[in-house]
Amino acid sequence: MIPVSEKDFAAVDRAADNIRMLTVAMVEKAKSGHPGGAMGGADFINILYSEFLNWDPDDTAWPNRDRFYLDPGHMSPMLYSELAICGLLSLDDLKNFRQWDSRTPGHPERSDRRMIENTSGPLGQGHTMGLGAAIAERFLAARFGEWMAHKTYAYISDGGMQEEISSGVARIAGHLGLSSFIMYFDSNDIQLSSFTSDVTSEDTEARYKSWNWNVIKIDGNDQRQIRKALTDAVNEKERPTLIIGKTVMGKGAVGKDGASFERKVSTHGQPLSGAGADVDATVKNLGGDPANPFVIFPDVAEHYSKMLDKKREHARAKKAEQAEWAKKNPELAKKFESFMKMELPDIDWASIEQKPNIATRSASGAILGVFSQKVENMIVSSADLANSDMTDGFLKSSKIFRKGDFSGGFLQAGVSELTMAVVMNGIASHGGVFAVCGTFFTFSDYMKPAMRMAALMGLPVKYVWSHDTFRVGEDGPTHQPVEHELQVRLLEKMNNLRGLRSMLVLRPADAAETTAAWKLALENFNGPTALLFSRQAVNDIPAKAGSARFADAADGAGRGAYTVVDCDDPGLVLIANGAEVFTCIEAAEIIRKDHGINVRVISAVSEGLFKGQGREYREKLIPFGKPVMAFTAGLPLVYAQMVGPLGKVVGLERFGASAPFKVLEQKFGYTADKVAAQAVDYLGEFKSLVERVKSL
Ligand SMILES: Cc1ncc(C[n+]2csc(CCOP(=O)(O)OP(=O)(O)O)c2C)c(N)n1
């Protein structure tokens, strides 16, 4: 909090007008964008960044900086203009708004060099990530001390408020009494296509109060009220704060007749000129020169220069405080460094004992038990399924977060998969903490928007999805994932903005592969990792002659696919993952015995990893021109690429059904003899396919 005196107030208002003017100019030049909301929110972001947000202009990635999470990404011109005034973007960057390869894309993209904490755009997710960051901050402060405490600010608009996820955030933040979380609601009564009064009659103040929030209502275009509200929020010790700022959409906009062009839905999502306002008159009204609106006013620059120097001073003092602490606590300081670098813990993976023939969710639970002792900077969460998805393995040596006590590492998220998943993105974005969350695979549907954003941002969140197939059994088709593996593997086929695989998806076949999969997950910092685990017990895959099963699994899983039953010159290659691998091993034996055909069985833990191997390895495993059949409990499409044009995939092309899983296996053909029969049929088909190809 940097105090300003009355004599600075004129410069403060000028800075807000400057943001408005730059916003108008950017959107006009780009011929697209969202000026109205940004113009209304300018006053708040101006005061937040200059007076309240603690950050270091010379070290934007300073781990103890306050965080700011923007929810309405469409208000990017507001953020970019503020960042330009702060010197983190240039005026040329603003002129390049929404252009190819610019630093000012249509919606902000995460960049710690420019203090953009989150990629925003899907309304509702930005403020939820803020909650995740606030949780990470409390988790770290509980371990290292309050010297490293910081605030997390979130900015939400009508759209984010209307998204259901806002309820999840309000519930969790209020329940945990997260007073370091301060949210500003830009309430301008207007949204994209309508007035808010057309869609809601909510009493937002009452809603948040009922969730134990400190709620403050202000005029969001009045600097004194904004300053006072933020001061009260910063001093609040028991509850998160919601500041509801009533603002004016398109503040400062003027029409052709010189009259106000404010409070118009039309200014939400197009250049002001397109909405019918007079751009030159608006720029003049905001104190600028219509001939050159890409300007930072000298008095604004001077004011900010003063404020930024004070921020530097503050950061220096905080860093000195940290250095003092480090001197007195060298061991803890080492740990702090290692957390911040996300150094991998020393785990002797091969020595982790797994019980024989267990469900892979149980094997995962055992690994999480190891993590609870070895990975001190991990937060695990479950959407009220901890004792079923077995994330409660982590609770072996940890405990759940409670108001005022973040010494544990487990977030009971309640039944709110989307909120949980976005909170995980926030935790991962904060830095210093591994983020893991679990639920049933079928409910990953509720997490899709968060997964996509984690993949896009390259955040290394780990998803524990148990109950991975129809073998859930009696709970029936609502609880039985079928198309889900294909859905998540679509992200495995895409690259993120850094050109890396956007998601790693691992479906281990047995306990040893589960250990190996968790090792890969922990080591994957390129983006999220999905782990698909069985509800039912699975048979252990036999170790190769002279080898230990874990060694086989670790080496093989790391390559994405590997042989679990081998032979020279196979007459058939069978590919599967998860529980279907063992069925294929049994089917291979039937085919060999009854038909004298040698079968190679491959466990394909991750198609993405496999694709990344060299051609030599891939063709050694799946020789070109050989018959290849894949077998999956998901949609056949999941293996379409891997089996190649002459291959075949046997899968499920229907929703599941409610019955004991053994019955479902019979009914759906998930037994070794049925797989063997289909494979033999396919070998016949393959022959005639080859004949047809030859005759082309
Ligand atoms: C999840 C999601 N749904 C829809 C949109 C499209 N969209 C962008 S802004 C907006 C309305 C937002 O209104 P408000 O939050 O009040 O912003 P303002 O009009 O004040 O700029 C919508 C529907 C989106 N970005 N994200």
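Let's start with an open sheet whose five strands follow the order 12-14-13-15-16 with mixed pairing; strands here are DSSP E runs of at least two residues, helices are H or I runs of at least four, and both are numbered from the N terminus. Strands count as paired if DSSP finds at least two bridges between them. Strand 12 (561-565) and strand 16 (648-650) are the edge strands, each with a single partner, so one side of each has no neighbour in the sheet. On average, neighbouring strands are turned by 25° against each other, direction ignored.

A word on the model: it is predicted, with local features needing pLDDT of at least 70, side-chain atom pairs counted only at pLDDT 80 or more, and totals for chains, interfaces and linings using all residues. Residue numbers run from 1 along each chain as its sequence is written.

Within the sheet, strand 13 (572-576) and strand 15 (628-631) run parallel and are joined by three bridges. Ile575 has Ala630 of strand 15 as its bridge partner. Helix 26 (672-694) lies across strand 13, strand 15 and strand 16, at about 160° to strand 16. Such angles run from 0 to 180 degrees between N-to-C directions, with axes fitted to C-alpha atoms, for helices over the stretch in contact.

The domain bounds below come from an automatic or database domain assignment.

| Domain | Residues |
|---|---|
| Domain 1 | 10-313 |
| Domain 2 | 349-532 |
| Domain 3 | 549-694 |

The centres of domain 1 and domain 2, taken over C-alpha atoms, are 32 Å apart. Their contact takes 29 residues from domain 1 and 30 residues from domain 2, where contact means C-beta atoms, placed from the backbone, within 7 Å. On the domain 1 side, helix 5 and helix 7 each supply at least two residues, and helix 5 gives the largest share, 14 residues.

Helix 7 (165-175) is mostly covered, with eight of its 11 residues buried, that is, with 20 or more other C-beta atoms within 10 Å of their own, C-beta atoms being placed from the backbone. Among them are Ile165, Val169 and Ile172. The buried residues pack against several elements, including helix 5 (125-144), strand 3 (181-187) and helix 16 (417-430). Just after helix 7, Gly177 has a positive phi of about 55°.

Finally, which residues come nearest to the ligand? Of the 16 around it, they are Gly37, Ser157, Asp158, Gly159 and Gln191; a residue is near if its C-beta atom, placed from the backbone, lies within 6 Å. Helix 2 (35-52) and helix 6 each give two or more residues to this shell.

How values were computed: A residue is buried if 20 or more other C-beta atoms lie within 10 Å of its own, exposed if 12 or fewer, and partly exposed in between; C-beta atoms are placed from the backbone. Two residues are in contact if their C-beta atoms, placed from the backbone, lie within 7 Å.
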